Amino acid sequence: MSNIVIKNVSKVFGQRPERAFKLLEQGISKNEVQEKTGLVIGVYDISLEIQSGEVFVIMGLSGSGKSTLQRLLNRLHEPTRGEIIIDGKDITKMDNKELIQFRRKAFSGMVFQNFAILPHRTVMGNVEFGLELHGIDKEKRRKRAQEVIEIVGLKGYENSYPSELSGGMQQRVGLARGLAVDADILLMDEAFSALDPLIRREMQDELLELQSRMKKTIVFVTHDLDEAFKIGDRIAILKDGVMVQMGTAEEIITRPADDYVTAFVEGLDRTGVFTAGTIMQPVKATAHVNDGLHTVLHKIRRAGISSIFLVDSEKKLHGYLKAGEVAEEVKKESVDEKKKPHPSLIHVPDTVHPDTQLTEVINLYTESVGPIAVVDDNKKLLGVVIRGAIIAALAKGYKPEENGYHEQHTGTVEKDS
Amino acid sequence: MFPFRIPIRDWISAVVDYLSTQFSVVFDSISTLVLFLVDNFKDGLLTLHPLMLIVVLGLITYRMAGLTTAGVAVAGLLIVENIGLWVAFNETLALVLTAEVFVIAVGLPLGILAAGSDRLNGIFRPVLDFMQTMPAFVYLIPAIMFFGLGLVPGVIATFVFAIPPLIRLTNLGIRQVPKELIEASDAFGATRAQKLFKVQMPVALPTVMAGVNQSIMLGLSMVVIAAMIGAGGLGAEVLRGIQRLEVGQGFEAGLAVVILAVILDRITAGFGQIKKPQQ
C-alpha cells in the first residue's frame, strides 16, 4: 500500500521558471505573471497527503492545474519545485532508470478521458500491454489479462479491436489495462467524462464496487462535482493552480472555503451527497420502556411533539408511541399511573442507517406513515429524519445552526404534522 | 553588374573531386553492394517463368488491392511480356527495389530521429526541401562523379531523390501519435525502445507506409531518368525511342512504366491497411 505525500509542489512551464516564483511570492496573480513573463503556472505551492486505499479526487475547471498535478505524481510532468514522496521515496530525485522501475512498481498506469488504448491491438493485446512492458512472460500475462477482462465485463470481446467497441467498452479496456498491473496507485484522468451520462454513472458504480474489493489508491481527476462527491473519499478543489479547499464531500458542502467553492457547490445534485447521518436531528425526548403512560404523556407534552420513540437503557429502539393514542388511553377509565403502554400502542417505525443516501430516505419518506429513525447496526437510536431537513438539504445546503430547526421541531415529528 | 562571380561551380567541383579521391573505398563498397542487390533482384525475377511471376504479382495485388486491380495488373503484365519488354521491365523493377532498400534503411531511422528532436527536424526540413525541389537531373552529375556511368549512379541518384518523403512522413506519423498514448506508455513504465516499437511505430504505420509508397513512386520516375547515365531498363527503351524519333517504341516503353507504377502503387498503398481489424 502506498501513500503519497506532496510537499510545496509547483509546476511552471517555460524557460527560467524562477522569474515566475519571484512574482508569485509578491502575491501577483497567475494571469499577470503569465502576461509579464510568458510563463504558464501549472500548479503553485500545493501540499497534500493521499492515504493508501483511498479515492482521492482532484477537482477543478479546465486550466485549474488538476491534470498537471496528477501528472506530477508519476513525473509525466517534472515538478519545478517541491517534493513528491511515494512509499517514503522522493520521486523527484530519481534518475530516468529508477523512475521507469518505480512507475512499474508503484503505478497501475493511467486511465484517460479519450481511453488512449492502442488501435492496432485487440482488447487482449491492450489489457496485456502493461504486463508486456514489464517483461512478464506471455502465458502468465494472458492469464492475468483474461481475469481482468472478466472482472470489467468484457468477456467474449478478447479478440475485438477498439474500433469495434463502444466508448463505454473502450474505457473498460482502459481500466482493465490498469487493473491488470498489480500495483497500488491508479491514476484516472477525467476517465468517465467522455461517456454519456447513463454509462458514466454505471462506470462510477462499478469503479466503487471494484474499489471496495481491491482497495487501490486511486487519484481521480474530474471537473464534475457530482462525480467527485460520488466517488471521492476526499476531494481537493483547485483553482488557477492553487488548492482552494480539501476535505470530504460533506466538509466541502457544509463549509465551503470561499465564494469559488460555494458557487461550485450550488450547482450540485445534493441527493447523492447527503446521507441520513448528515441530515438527521438529535432526538430531544425519548420514552423509556419502563415509563408509565402518564410519564410518557408528560414527556410528549413538554417536548411538544406528536410521537415519541421508545428506547431501553442502551438506547436500543423498541418502537414509537403516538401522542394522540397515549392521551386517549390516559383519559380512558382510571389508568394506573405506573401502567406501561399496551403493546398495541407501540408502533414499528421505519429505520435507516446513517450511511443511507438521501435519495433512499426520500423514497422511504413518501411511503412511510410514522417518523423515520436513524439507527446504527445494533439498533441504537441515533437521531431522526424530519421533512424540513430533507427539503433544506435539497434546497441550499444544510446549516442547522442557522436555520434553527431545533426550535421548530424538537424530538420526533410525524410526517404530516 | 558584379566585378566578380561567386565560384559556386568551382567549390562544388572541388568538393566532389576531393571526396571521390579521398573516400574511394567507401564509394567502391557502396558500388559493390548496389550491384549485388540489383543483380540478385534481377536474377531472382528473371529466373521465374514470366507467367509464374505474373501469377505471383497478380496474387500480391489481389491481397493488397482487391480483384479489379489484380485483373488490371495481370492484363498489364501480359501486355508487357507480349510487346517484348519483359527483361527491361524487370531490370527497372530491380533498380527500384534496390533503391527502396536503401531508402528504407536510411530514411526510416532518420525520420524517427527527426520525430524525437525538434532541433534535428529543424535542420532536416530545409535540406529535404532542397533535395525535393532540385531538378532530378542534377543528381545525376555528382552520382557520375562518384560512381562513374552505369546503374550504380542511377540507383544512388534515385535514392537521394526518393528518400525525402519517407523521412518526412515517418517524422509526421510519429509526431501524430496521440499524446495520451505516449503518456499511457510512460505511465506504465515503458522504456524509449518499448515506446518506439510497441506504440509509436505501429500507430504511425499507415503514415509511414504512405511514405514508402511515395518514395517508390518517386524512385520509379527517377530510375527512368537515370537511363540517361546508363542505368538500363525501361528508361533505356524510352531514351532509344527519343533518340531515334520512334514514337511507337517510346510509347510502348512508357506504357510499361505506367503499368509498373500502377502495380507498385496499389501494392504499397495497401500496406498501411493490413494491420486494421478484419470484420
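**Exercise 1. Chain B as a whole**

What percentage of the 279 residues of chain B count as buried? Then describe the secondary structure and extent of the chain.

*Solution.* The model is predicted. Step one: 42% of the residues of chain B count as buried. Step two: list the elements. Chain B has 12 helices and 0 strands. From the N terminus on, its elements therefore read α-α-α-α-α-α-α-α-α-α-α-α under the DSSP assignment. Step three: take the extent. The C-alpha trace of chain B spans about 65 × 65 × 40 Å along its principal axes. Step four: look at contact range. Take contacts in chain B between residues at least 6 apart in sequence; 76% of these join residues at least 24 apart.

**Exercise 2. Two helices of chain B**

Classify the crossing of α5(B) and α11(B), and list the residues that make the contact.

*Solution.* Helix α5 of chain B covers residues 86-116, and helix α11 of chain B covers residues 234-243. Their axes come within 7 Å and cross at roughly 125°. On the α5(B) side the contact uses B:Ala88, B:Phe89 and B:Thr92. On the α11(B) side it uses B:Leu234, B:Gly235, B:Ala236 and B:Glu237. By class, that gives 4 nonpolar, 2 polar and 1 charged residues.

**Exercise 3. One residue**

Is B:Leu120 buried, exposed or partly exposed? Locate it and find its contacts.

*Solution.* B:Leu120 sits in helix α6 of chain B, residues 118-133. Count C-beta neighbours inside 10 Å: there are 14. Buried needs 20 or more and exposed needs 12 or fewer, so B:Leu120 is partly exposed. Set aside neighbours within four places in sequence; B:Leu120 then contacts B:Leu113 and B:Ala114. B:Phe2 is 118 residues away along the chain, with a C-alpha separation of 37 Å from B:Leu120.

**Exercise 4. Strands of chain A**

*Solution.* Strand β4 (residues 81-86) pairs with β5(A) over 2 bridges in the antiparallel sense. A:Ile85 has A:Asp90 of β5(A) as its bridge partner.

Strands β9 (residues 234-239) and β10 (residues 242-247) of chain A pair antiparallel over 5 bridges. A:Leu238 stands opposite A:Met243.

**Exercise 5. Cores and interface**

Which residues have the most contacts inside the largest nonpolar core?

*Solution.* The largest core has 154 residues, and A:Val127 and A:Ala176 have the most contacts inside it. Beyond four places in sequence, A:Ala176 contacts A:Val127, A:Val148, A:Ile149, A:Val152 and A:Leu154. Another core, of 34 residues, lies apart; among its members are A:Ile279, A:Phe309, A:Val361 and A:Ile372.

Next, the interface. It takes 23 residues from chain A and 17 residues from chain B. In chain A, the elements giving two or more residues are α4 (96-106), β6 (107-112) and α5 (123-133). The largest share, 4 residues, comes from β6(A). The chain A side divides into 13 nonpolar, 7 polar and 3 charged residues.

Key:
Residues are numbered from 1 along each chain as its sequence is written. Chains are lettered from A and ligands numbered from 1 in the order in which they are written. This is a predicted model: local features need pLDDT of at least 70, side-chain atom pairs count only at pLDDT 80 or more; totals for chains, interfaces and linings use all residues. Two residues are in contact if their C-beta atoms, placed from the backbone, lie within 7 Å. Ala, Val, Leu, Ile, Met, Phe, Trp, Tyr, Cys and Pro count as nonpolar, Asp, Glu, Lys and Arg as charged, and the others, Gly among them, as polar. Axes are lines fitted to C-alpha atoms, for helices over the stretch in contact, and angles run from 0 to 180 degrees between N-to-C directions. Angles under 35 degrees count as roughly parallel, over 145 as roughly antiparallel, 65 to 115 as roughly perpendicular and the rest as oblique. Two strands pair if DSSP finds at least two bridges between them. A nonpolar core is a set of buried Ala, Val, Leu, Ile, Met, Phe, Trp, Tyr and Cys residues joined through C-beta atoms within 7 Å.
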